[in-house]
Structure formats: C-alpha cells, structure tokens
Amino acid sequence: MFAHLKEYAEEHGHAKVPQRQGSLGRWVNNQRAFFRRLEKGIEKPPLGTVSVDEWKEKIQTRKDALDKLGFEWNHLPETKWTNMLQDLTKFKEEHGHTNVPQRNNALGQWVNTQRKNLVYREKGKRSHITQQRMDMLNEIGFDWVQDKETQWSEKLDELIAFKAEFEHSNVPRSQGSLGMWVRRQRRSYKLISSGKISPLTEERIYALESIGFQWNRGWRKENPKSST
C-alpha cells in the first residue's frame, strides 16, 4: 500500500488521502490509528516474532518513509471540524449568537450535531465531542441548548417557505418534522379552546394567522408537489 500512497502523492502533490478513497484511504486511516495507539503505549510488538528493538526500528523506518511523503497525521475530519468552527465564529461575529438555522444549511446541521454529541457524551454513549472541542466551542460562547423560541421561529420560517412554494400551509405529516410541527400547533390551539394550558402564546397565534394559517383545516392526503 505504501507504493500506492507514493503514486498518489506524486499525482496529487500531497499525501492527504480521504477515507472515501477505497482501500488506500482505509490504509492511510489505519496508519494514523496505529501510531496514535503507539503514542499512548497501547500498541505492542507481536510476541515471538522480532525483538523489541528490531520492532521499534522497523516502526520508525515506516514513520520516516511516511513523513518523507508529507503524510498528514491529523485526522482529516478534525480539519473539517475546525473549518466549521471558523464558519461558526464568523456567523457569531455577524449575528451575535450561535443559533444557526438548520434548514438547508450545512453549518446549522453541524451546530445541531455538536449539541447532540454533548447529550450522547453526558449519557455515556459514543460521541465525537471531545473535551478539546468543547473548550474550543465554549471559547466563542457556544449555545449548547437552543432556546425554544428560536426553534419555534425556525419552524415558522420553514412554514412560510412551504406556503410560498405550495400556496397553502396544510403541511402533511409525511413532510417530516415540519408536518409534525404544524400538527402540534393545531393541537395546542385546541387546548386553548378547551380552556387548558397551552404553549401557544398570543404572539405565536398572531404570527401564524398573519400568514393565513388554518387552525381547523384537515390534512391533505396528496403529496404537496401535486398542488403545483
């Protein structure tokens, strides 16, 4: 595989092989993983094959050969993560917060992923959010929990965009999270009509009615595209 990496470096001018590059990408990733384990003292020489000194010399020769090609030891996804952090920093400088809208927005989806990874970490589940990443996000004042009002406003924006395209606000449940959100607004309105406690405030009711939202309209069974 080293020969293939050398050919790749000669052709592309670098040895930063993406993992999606088939067997070569996987091999490159394995080299990174091996040397990370070696640094942590986890990787040990195979028993009964060569002496420890011979094994260390062989490993050093391998590393020197990779370094000579300009091998990228840092995991590529970390570079991508840092780039997204830079984008988020620019967003905050412009908007004053880190609540990036998730709709059709790679940065917004990335922000949501960081929040989910923190939840996984706190529950002891597998998570990609390291302490170093948490510190870097905290340094820019990252909002780990998106406030409910911002979430609601984002969904309203999605509904406005839906209505602009389909000329109605009767989003079917099959339309994913937006369809379910619309359904919750109608249920919340019914609670008010029944004199019960509801998360639907007067401001939210006004915002929905200002775009022609229909509280009692039945769900459309057809795909929304059919209305165009």
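Predicted model: local features only at pLDDT ≥ 70, side-chain atom pairs only at ≥ 80, totals over all residues.
A residue counts as buried when its relative accessible area is under 20%. Phenylalanine 142 has a relative accessibility of 6%, so it is buried. Tryptophan 144 comes out at 17%, and therefore tryptophan 144 is buried too.

Aromatic rings turn up together in several places here, with seven aromatic pairs in the structure. Elsewhere, Tyr189, Phe213 and Trp215 are tied into a cluster by ring pairs.

Now for the helices. Two packed helices are described by the angle between their axes and the distance between the axes. Helix α1 covers residues 2–12 and helix α2 covers residues 22–39; the pair packs at an angle of about 105°, and the axes are 10 Å apart. Because of that angle, α1 counts as roughly perpendicular to α2. On the α1 side, the contact is made by Phe2, His4, Leu5 and Tyr8, while α2 brings in Leu24, Trp27 and Val28. Sorted by type, the residues of this contact between α1 and α2 come to six nonpolar and one polar, with no charged ones.

Definitions and conventions: Residues numbered from 1 in each chain as written. Heavy atoms only, no water. Phe/Tyr/Trp six-rings, centres within 6.5 Å; stacked < 30°, edge-to-face > 60°. Buried < 20%, exposed > 50% of the residue type's maximum accessible area, 1.4 Å probe, protein only. Axes fitted to C-alpha atoms, helices over the stretch in contact; angles between N-to-C directions. Helix = DSSP H or I, 4+ residues; strand = E, 2+ residues; numbered from the N terminus. Parallel < 35°, antiparallel > 145°, perpendicular 65-115°, else oblique. Contact = heavy atoms within 4.5 Å. Nonpolar A, V, L, I, M, F, W, Y, C, P; charged D, E, K, R; others polar.
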